[in-house]
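Let's take a walk through a protein model together. Keep the picture in view as you read.

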Amino acid sequence: MAKSRKKKKRPAPPAPAAPAARPAPAPDTPPRKTRLLAALCYLNVLILIPACCKQRHDAFVKFHLNQGLVVLALATVCACVGFLPHCSELGLTLTLLVDALSLVGLVQTLRGLQTPLPLIWRITKSFHPFT
């Protein structure tokens, strides 16, 4: 008697691995140079660099110039409060809060976002010299 041989099924070869999917950049992300110029707006006196550049007419840079100018004015006022007698702790606390707002603005610009800063946007709406 002949034994019937059963053919063993071979496992299918593994499918070729798909290349790692990279997230597509957002189509409305501003160029790197524009983001860096906008980021300078939140670094105190360095706001003068984008204010004197020809890219200050770009809507993204203009938005952050306006906010950066308000943040700089608030930082100056808070620093002056720190020099008043018996108000040094208050001035330091307010300066730290303004510095935190400046850091948030800096991170937002480097991400390419144009989101208004909390509390600053109300002042910026009525006061925007870079129009």
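**From the loops to the core**

Let's start with Asn 44, which is partly exposed, with a relative accessible area of 41%. Keep in mind that this is a predicted model. You'll find Asn 44 in the loop between H1 and H2. Its phi is near 50°, a positive value in a residue other than glycine. That deserves a second look: most residues other than glycine have a negative phi.

Leu 43 sits in the loop between H1 and helix H2 (48-52) too. With a relative accessible area of 37%, Leu 43 is partly exposed. Together with Leu 46 and Ile 49, Leu 43 makes a nonpolar surface patch of about 230 Å².

Now let's head inside. In soluble globular proteins, nonpolar side chains tend to be buried together. Here the largest nonpolar core has 16 residues, and among those with the most contacts inside it are Tyr 42, Leu 65, Val 98 and Leu 117. Which helix gives the most to this core? That's H3, with six residues. Helix H3 (59-82) and helix H4 (88-111) each supply at least two of the core residues.

Setting aside neighbours within four places in sequence, Tyr 42 is in contact with His 64, Gln 67, Gly 68, Ser 102, Gly 105, Leu 106, Thr 109 and Leu 117.

Next, follow H4 from end to end. H4 has 24 residues and reaches 35 Å from its first C-alpha to its last, close to the 34 Å expected at 1.5 Å a residue. Its buried residues include Val 98, Leu 101, Ser 102, Gly 105, Leu 106 and Thr 109. An α-helix has 3.6 residues a turn, so residues three or four places apart point the same way. What do the buried residues of H4 pack against? They pack against helix H1 (32-39), H3 and helix H5 (120-126).

Just after H4 comes Gly 112, with a positive phi of about 85°. Gly 112 and Asp 28 are 84 residues apart in sequence, yet 8.6 Å apart in space, C-alpha to C-alpha. Asp 28 is found in the segment before H1, and Asp 28 is exposed, at a relative accessible area of 63%.

Our last stop is Leu 119, in the loop between H4 and H5. Is Leu 119 buried or exposed? Leu 119 counts as exposed because its relative accessibility is 62%, and the cut-off for exposed is over 50%. Its phi is near 70°, a positive value in a residue other than glycine.

Key: Residues numbered from 1 in each chain as written. Predicted model: local features only at pLDDT ≥ 70, side-chain atom pairs only at ≥ 80, totals over all residues. Heavy atoms only, no water. Core = buried A, V, L, I, M, F, W, Y, C linked by side-chain atoms within 4.5 Å. Buried < 20%, exposed > 50% of the residue type's maximum accessible area, 1.4 Å probe, protein only. Helix = DSSP H or I, 4+ residues; strand = E, 2+ residues; numbered from the N terminus. Contact = heavy atoms within 4.5 Å. Expected span 1.5 Å × (residues − 1). Patch = residues over 30% accessible without salt bridge, like charges linked within 9 Å, V, L, I, M, F, W, Y side chains within 5 Å. Areas by Shrake-Rupley, 256 points an atom, 1.4 Å probe, with all protein chains shown as cover. Salt bridge = Lys/Arg side-chain N within 4 Å of Asp/Glu carboxyl O.
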